[in-house]
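These notebook entries record what I looked up in one structure. The sequence and coordinates come before the entries.

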Amino acid sequence: MKQSKRTTISLLVLSLIGLWLFVSAPAGTTEISISTDSDIFKLPSFGLGVGFVSGIAFAAQVLAVIASGYFVLGRNHKTPRWVVILFAVALVFEILVGLFAGKTMTFTSLLQGSLALAVPLIFGSLAGVLSERVGVVNIAIEGQLLAGAFVSALIASLSDNMFAGLIGAVIAGALVAWVLAVFAIKYVVDQIIVGVVLNVLVVGLTNFMFSTLMVSNLPFYNQPPRFDKILIPLLGQIPVLGPVLFNQTLIVYLMYVAVAVVYVALFKTRWGLRVRAVGEYPKAADTVGINVFRTRYVSVILGGALAGLGGSFFTLGQVGAFGKEMTNGAGYIALAALIFGRWNPLYAAFAALLFGFAENLQYGLAIIGSSVPSEFLLMLPYALTVVAVAGLVGKVTGPAASGKAYIKS
Amino acid sequence: MKRVMKEFTGGNAMVSVLAVLASFIVGGILIAISSTEVQTTITYIGARPADFFNALWNSVFGAYDAMFRGAIFNYKAHDGVQMIKPITETLAYATPITMAGLGLAVAFRSGLFNIGGTGQIIFGAMFAGWVGIYVDLPFYIHFPLAVLAGIIGGGLFGALVGFLKAATGANEVIVTIMFNYIAVLLLSYLLKTPILQAPGSVNPVSPPVRDSAKYWFFMGDQFRIHGGLIAMLLAVIFTWWLLNRSTLGFRFRALGHNPNAAKVAGINIGLTYVLVMGISGALSGLAGTSQVLGTEKFLTLGVAASFGFDAITVALLGRSNPWGVLVAGLLFGGLRAGAVTMQANQNVPIDIVLVVQSLIVLFIAAPPLVRAIFRVKESKKAVAA
Amino acid sequence: MKLELRGITKRFGSMVANDNVNLIALPGEIHCLLGENGAGKSTLMNVLYGLYQADGGEILLDDKVVKFSGPGDAMAAGIGMVHQHFMLIPVFTVAENVILGHEPTKFGSLLDLEAARAKVREVSAKFGFEIDPDAIVGDLPVGVQQRVEIIKALIGDAKVLVFDEPTAVLTPQETDELMAIMKQLRAAGTAIVFITHKLREVQEVADKITVIRLGKVVGEADPKSTANELASMMVGRAVDLDVEKDPAKPGKPTFKVEGLSAWSHAGTKVLDDINFEIHEGEILVIAGVQGNGQTELTEAIIGMHGKTAGSIQLDGRELIGKNVKQVLDLGVGFVPEDRTEDGLVAEFSIAENLMLDRSDRKPFAKGLNINLDYLKKFALEKLKQFDVRAQGIESKASQLSGGNQQKVVLARELSRELRLLVASQPTRGLDVGSIEFVHEQIVATRDSGIPVLIVATELDEATQLGDRIAVMYKGKIVGIVPSNTPRATLGQMMAGISA
Amino acid sequence: MKTVSRTTALKGLALAAVASLALAGCAAAPAAPTATPVDYKACMVSDAGGFNDASFNQEAYAGLQQAKAELGVQTAQVESPEKATQTDYVSGIDSMISEGCNLIVTVGFNLATATRDAAKANPKVNFALIDSALSNDDFSPLSLPNVKPIQYDTAEAAYLAGYLAAATSKTGKVATYGGMLFPSVTIFMDGFKQGVEAYNKAKGKKVTVLGATGTDSSKWAATGDFNDQAKGKTLTEGFFAQGADIVLPVAGPVGVGSGQATLDKKGTYVVGVDSDWYGLPTHAAYKANILTSIEKKMAKAVLDVIKSGVDKTFTGGDENQYVGNLSNGGVMIAAQHDVVYPAGIQAELDALQADIISGKIVVTSPYKK
C-alpha cells in the first residue's frame, strides 16, 4: 500500500474511536485544573461538558480526515504533517476528556509527570541520534543510562557533590559508548550484538558493585545529594507551560540545551555535516578527506556521554539513590522514540514526550480510579508505540550506512 | 551480521577457548575484589603477604571450584545422586535457553532481529499451560496437544510481528520489544483472573499442569531434567535441517543475506517474514512448554525469567548455527547452575555470571582482541584480495 | 602542474593490482589511461588520491615527491577526482555535497551555506552548468549528479584532475558536453588523467594514451590508432568488436506491452503509456540514458513494480497483477542490471545461487528437502556449460569476478523453460571476454526463437546487439527504430527529440 | 541547591582512606579468631529483588544476620536472580541443602512450591517459609512437619496506619499504590483503606484513598515493577497533584521514589512498609517525612525460628504456623518519630490496637476468612 494512502486510512480508522467516544460521551463534565503550587497567579479550575468537547473534537477529526483524503486522492500528495497533528491533538483531547469524565484532570501535573518520565528517554534518544547518524547502531543506550545512573550516584555520594556526580555520569556513559565504538569500529563486530551484550555487561557490573560495594555502607556509597528544582523567573509563571517546563532540576535544563545543541550541531555545523555524511556514505566522506573512524568515535562517545547524563536523572534528578536495574528498559524505549522520531533530535524528543505522556496518563487514570485493570493501563504506552510504528510511521529508513562497519581497504 | 558470521566461522577454536578463559579471568578479578577475606588481608599485605595470596587463591579457586561442583560434577557429595545432580541442573537450565536461542538463530539467519524471545516464551507457556491444566485427555493425546498449543502460541505471537513488518514495514526490533512488555502484562493479568489463576489461591499462580500433559521425567523425580531435553535435541536437529537442508530454510537464508536478490528470484518476502517470525516464535514457544509442562509444572509470572534475553546472547555466541547454539546454551546453563552453588558456597554475587557471559560473547566476536590479550599470532590464512 | 607516477606497485595479499606503473601527465594535456575492467586503473588512481597506500614507487608533483596519507592531502596538493561511482551523499543538497570536507563556516563552526551556494553558482556558471545548489542530489538525473561531482572536484582549485570512467552513465550528448568541458579545462592548463575503456572517447580527446593490462603498463599508444588496434592492445589479443549474429528471423509477436504506465511511491508518473511488441527470435533493445524509466519498465514486466496500469502480455497471458514468482513461472528470464544487489546472494555458493528461483520445486526440492544430489549435478553441468571459472560449485558468489558472476546469473535464468528473456545492462562492468560470451548467449537465445528485451545505456551495444531499438526518455518511448539508425539520430532521441 | 547536606570534609577523608587502603596495605595483621561457633547452619533463599531491597528480603536477612551474631550459628544464603523462575528457587534451595544447612528460610510466596518439594524430599532439613502456607497441587492445605509457615496479617497494622494517615491528612486525601498487585502487596493497601474508612466513620469525615478506588484490587494503582524508582516518584507526584498528602507505596525499592517526592512538596508524608524506614540508611534522606511504617517483624521471627532450631524445639506443620499480627507483635506500626501527630491520636491508635487484638474490630484479610 502506498505510504500516503495508509495515513489516510489510519486516520479514518482512528476516527472511529473518536466517533464512538462522541456517541457514548457521558453527560457529565470534566474538571480541568491547571494551577500548581508554584504558580503566583492561581487560575481557577474549570469544567468542560464531555459531550460538547467530544463533539468539537470529533468534528476536528472529521475535518482532518477529509483534508487528508483531499491531499492524497485529489492532489496526489502526502498528507501534510499539520493535518496529522491536528487529528492527533483532537483525538487525544477527546480521549482525555472522556477518560476523566466526572473527575478532575490535573492537566499541568499530567504534563509535568510526562516530562519527568521522558527526560531519560530524551537523553537516550539523543545518544541514539548521534550514534546512528554517524553510522553506528546504538542498542547499548540502556547500558549507557544505567552506567550513568550508577556512577553518578556513587561519585556524588563519595564527593558529596552533585556536579561531580554529573561528570561521573557523563564519563561512565562515554565509556560504555567507547567500548561500543571500539568493538563496532575497530573490531568490526556486528553493532547490534555489541549493543545487546553491553547492556547485559552493565547490568551485571552495576548489580555486582551494588551488592558488594554499595550496600556495605549505603550512606557512604549510595546517598547522593539530589538536585532541587529551580523555578525560572517569568518563564516559570506562564500558565501550564511554565510549571511544566521551567520549574525543573538542572538536569532537565541541560536536556533542553542538549536537544537544541544536538539539533544545531547536526544540521547547522560543519561537524554535523560531516557526521551525517559519514553515516550516509562513509566512503564518500573518506574521499573528501574526512576521517571516518575518528568522526564515528567522537559522535558515538558524545552520544554515550549524553545518555550517561540522562542516567544521572534517575539518581540525582529523581530518586536520590541508585537501585538495581533502575533504568528498567528506558534505553529500549528511547530506541523506539529515536526510530519513531526518524533520527531527528527534535522529533525524537517529541516521540519520547509522547511516550512519557502515555505512561503518565496511565498513572493519572490509576490515581483517580479506573475501570480497567492496571495491567491494561500499563500496556498503554507499549501498545501505542506498536500502533504508531505500524500505522503511522511504517517503514522508515535511517541513515544509509547505519549498522555497517566501514572497512578501509 | 553477515560479516560477523564470517568472522565467527573463520575464527578458530583456539580463540574461542581463549575468549572463555579471558572472561573467567576477569570474573576471577571481580570475585577477588568482592571477597571480604581479600579485602581484609590486603590491608596488611606488607606485614603478612602470605595471608593475602592465600585469601586471593581461596576466593578465586574456591569460587570456580564451587561453580564446577554446581554445574558439572559434585565430587564432594556423599551419594551418587548428588554427585551427578549438577550436570542435570545444567541441562535443565540449558533446555529453555537453547530452545529460545534456536528460535532467535532462525530469525538472525533470515536477517530479522527478534528481541521478542521473552514474549514468545510467555505466549508458548500460556497456551501450553492452559491446555495442560484445563483439558482432560489421555496422555498420548494430551501431552502432544499441550506441546503443540505452546508451539502455536509462541508461533502466532512471533508471526504477528512478521505480519506487521510485511504489511506495514514496522521495525521488528521495536515491535518485539513492545510485545515483550505486553506479554508480561497480559500474563500478569490472566494470572489474576479465573482464566489462569488457581481457584483457591490468592497468589498469581496457575493450578498445576495435569500429569497427562507433563514432560517425561525420565531420570526420576529427584532430577529436574525431563523430556524437554529430548525436545531440545530434536529442536536442534530440526533447526539444522531447516536452515541447511530444507527449501524453506534456503529461502530464509536468501532473505537474510540479500532481500533484493530474493525478491527478484520470486521469493515472497512478506510471506517469508511471517514464516520466519512464526517459526522463530514457535521455537521460543517450545521453550515455554519446557518450562510450564516440565521444569516448573505450573504457570507463574517468572516463567520466562531472563531466558528471552539469554537466548539472544546464546544465539549470537552460537553464531546462529544450531549446534553452536546448543554448545552456547550448555555453557550458559552451566554458568547459571554453577552460579547458585558459587553463591551458596562462596558468597559470590550471582551477577558475576552476567559479566562473564557478556564478556565471552564480546571476546569471541573480536578475535583480534583476544589474540592481542594473549599475544597469539594470527594463524596463517590465505588473505583474499 | 605536472603529475608523475613512478614505479607504483600495489598489492592486495598475493594479488598484484599495480606492478611498477609509470605515468606522466603534463599541464594542458589529456592523458588517457586505457584498460579493461579489472586492469588496475582504479587502484592506480586510488593510490594517487591517497585512498590506498602504495607498496612501492612514488608520486611526484612538479618533480617533487609527495606523500598522501589520505584524500585530504591529495586535495590539498591540488588533485581533484571525479569518481566512477559518485562520491555524493544522496540525501544532501548540491551545495552540501560540494563543500563537504572543506566547508565554509561562519561564527566559528556554523556552516555558511550561503557561501557554499555562491561557490556552486560560480563554478556552475563558468562551465555552463545549470545547477540549483539547493536541489537534493538523490533527486537529480545521473548526468547532473556527475556535474555536481565535477564541481566538487574543481572547487578546490585542482591542478590535476582525474576522471574515472566518467561517461558510463551519460547520453551521447552529455558525453560530448563532458568532452568539451575536458577540453576547456585542458585549455586552462589543467593536467587531466582520463580513465576509460571506451575507445571512441579516447580517440576524441586523448593527447597521450597509456594502456594498462593486468596491472602492468603494456605501452603507450598513438592517439590516432584505430579502435581495433587499441582494443587488441588493451585485451592482449586480437579482438573483433562487432557482435557476430545472423539477421533476425522474427516469428510471431508473442510479447506485447500496451498502454503501460507506472507511478513511483511518491506518486510521480515514471512510465507513461509505453507500447511495443517483440517477436519471437528478435532482440529489442531499450536504449536511453539511465534513469529514464528502464528500471521501472523491467520491474513492471517481472511484477515487482507497485502501481501500474495498462497491459503486458506474454503468449497471450496478462502479466500485470501477477507476482514475481508467477511471472517467472510463465517463462520469463530476468537478468537484473545490478547483479550483486539483485542477481546474486553473495554469501551463497554458486550452486545455491543457481537454484535461487526454483528452490521450492522439483527437481531442486525433494519434498521439503533440498535435493542436494541433483543440485550438485545441475551446478557442475552449468559450470561447464557457461564456462564459469571458479574453484568449484561451493565457491561463494562473492569470490567470483564480475564476468563469472554474470555467467552464473545467465546460467540460472537461461535454464528455465524460457518464453522471454529480459536483460538489463547485461555487460555492464565486464571484461571483453565476458562481454563476448554474454552477447553470444543472448544471440543464441534469440536464435532459439525467443523474444529478447535488452536494456542498454551504451549506444555501441544497442546498435550491435539489437534488431530494433526503442529509445526511452522520461518514461516514454520516443521511437522504435532499426538498429542501423545513425548514431547522431539515436543520440537526439535519447535527449527526447523524436526521429 | 543541595537537598541533603552532610559533612563534605568527612566524605573527602573517607575517599582518601579508601584510596590509601588500596595502595598501602601496611596495617598490622590481626590475631586468629577465637570464637567457637555453634554447630548449626541456618540458611536463607531470597526472592527476586535480593537481600538489599530495602524491603522484605532485607528485613528477613537481618534476622539471619542477627542469628549469626547472637547465636553463633553458621549461615549461608542464596540471592535469587532479578528475573527468577521456579528453576532458580529450586536450585537455590537445593544448593543450600548441599551446603548442609539444618534450617532453610525461604522468603516469599514464590518459593512455596519449591520449599514444599524440597521439604518432602529432605525430611531431615527444617524449613521456614515466609509469606505463604503450603498447599498441595490442588491447592488444598498441606502440613509438613519440617516446614514452619511464617505469615503476617499485615492488614491489621496497615489499618492503624490508615487511621493515622486519615487523621493526619490536611487535604482529606491519602494515596497508595503497589509495585505489582499481588496479595502480599494488596493486603497492605486493603488494610490501609479499611483504617481510613474507620476514621471516616468515627469522625464523620470523607477522607478518600487515591490509587485504591473500588473493591477490585486488580484495578488499583501500580507501577508495574519493583525496580523503577523514578516511576514511583512520578506516580507519587501525580497523587500529590490530585491533592493527596500522604502516600503508602507497597513496591519495595520503588518506594524510595515516593519518599523522595515528599521532599519536593511541603507537608507530604510517606508511610513505610516491611520495616521501620526511619532507621534504614536507604530512607535517611527523607526520614523527617516518614509518617510511620507498617512493620513486618520478620527479623525477629527468623531469629526465633533459628533459635528454636538450635534449641531443638523447632515445630513445623500448619498447626504450628506463625501468623504475625498485632497481638503477638509480629506486625506493628512504627513509633512516632519526627512527624507531629494530631493531638490525641496516639491514644486512639492504642485503643484501636486493643480492639483489634481483642477481636472487637475485625480487619478483613485473607488470613481471617
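**Conventions.** I worked from a predicted model, in which local features need pLDDT of at least 70, side-chain atom pairs count only at pLDDT 80 or more, and totals for chains, interfaces and linings use all residues. Residues are numbered from 1 along each chain as its sequence is written, chains are lettered from A and ligands numbered from 1 in the order in which they are written, and side-chain values use heavy atoms, with hydrogens and water left out.

**Chain interfaces.** I took contact to mean heavy atoms within 4.5 Å. Among the five pairs of chains that touch, chains A and D have the most contacts. There, 49 residues of chain D are in contact with 56 residues of chain A. I read buried area as the accessible area (1.4 Å probe) that two parts lose on being put together, summed over both. For chain D and chain A this is about 4,300 Å², with 53% of it on carbon and sulfur atoms. I counted a salt bridge where a side-chain nitrogen of Lys or Arg is within 4 Å of a carboxyl oxygen of Asp or Glu. The rule finds three across the interface of chain D and chain A. I noted the salt bridge of D:Lys231 and A:Glu359, at 3.5 Å from N to O.

I then turned to chain C and chain A, where 28 residues of chain C are in contact with 21 residues of chain A. The area buried there is about 2,200 Å², and carbon and sulfur atoms give 63% of it. I found two salt bridges between chain C and chain A. C:Glu96 and A:Arg276 form a salt bridge, with their closest N and O atoms 4.0 Å apart. Chain C and chain D do not touch, and their nearest C-alpha atoms are 34 Å apart.

**Cores.** I used "buried" for under 20% relative accessible area, "exposed" for over 50% and "partly exposed" for values in between (1.4 Å probe, protein chains only). A nonpolar core is a set of buried Ala, Val, Leu, Ile, Met, Phe, Trp, Tyr and Cys residues joined through side-chain atoms within 4.5 Å. The largest nonpolar core has 444 residues, and D:Phe192 is among those with the most contacts inside it. Apart from it lies another core, of 31 residues, including C:Ile286 and C:Val332.

I also looked up D:Gly211, in the loop between β7 (208–210) and α7 (229–241) of chain D. At 0% relative accessibility, D:Gly211 counts as buried. Its C-alpha atom is separated by 5.4 Å from that of D:Thr176, 35 residues apart along the chain. Neighbours within four places in sequence left aside, the contacts of D:Gly211 include A:Ala366, A:Ile367 and D:Trp220.

**Helix α2 of chain B.** I took helices (H or I, at least four residues) and strands (E, at least two) as DSSP runs, numbered from the N terminus. The expected span of a helix is 1.5 Å times one less than its number of residues. For the 22 residues of α2 (residues 13–34) of chain B this gives 32 Å, and the end C-alpha atoms are 32 Å apart, which agrees. Its buried residues include B:Val15, B:Leu18, B:Leu30 and B:Ile31. What covers the buried residues of this helix includes α7 (191–212) of chain A and α4 (49–71) of chain B.

**Salt bridges within chains.** I found 59 salt bridges over all chains. C:Lys41 and C:Glu165 form one, with the closest N and O atoms 3.1 Å apart. C:Lys41 lies in helix α1 (residues 41–48) of chain C and C:Glu165 in the loop between β9 (160–164) and α6 (172–187), so the pair ties together parts that are 124 residues apart in sequence. Both C:Lys41 and C:Glu165 are buried. In chain D, the side chains of D:Lys233 and D:Asp264 meet at 3.1 Å, N to O. D:Lys233 is buried, with a relative accessible area of 1%, whereas D:Asp264 is partly exposed at 31%.

**Backbone.** Most residues other than glycine have a negative phi, and most peptide bonds are trans. I noted a cis peptide bond between C:Lys362 and C:Pro363, with omega about 0 degrees. C:Gln425 has a positive phi, near 40 degrees, and is buried at 5% relative accessible area. Phi of A:Asn328 is near 50 degrees, also positive, and A:Asn328 is partly exposed at 24%.
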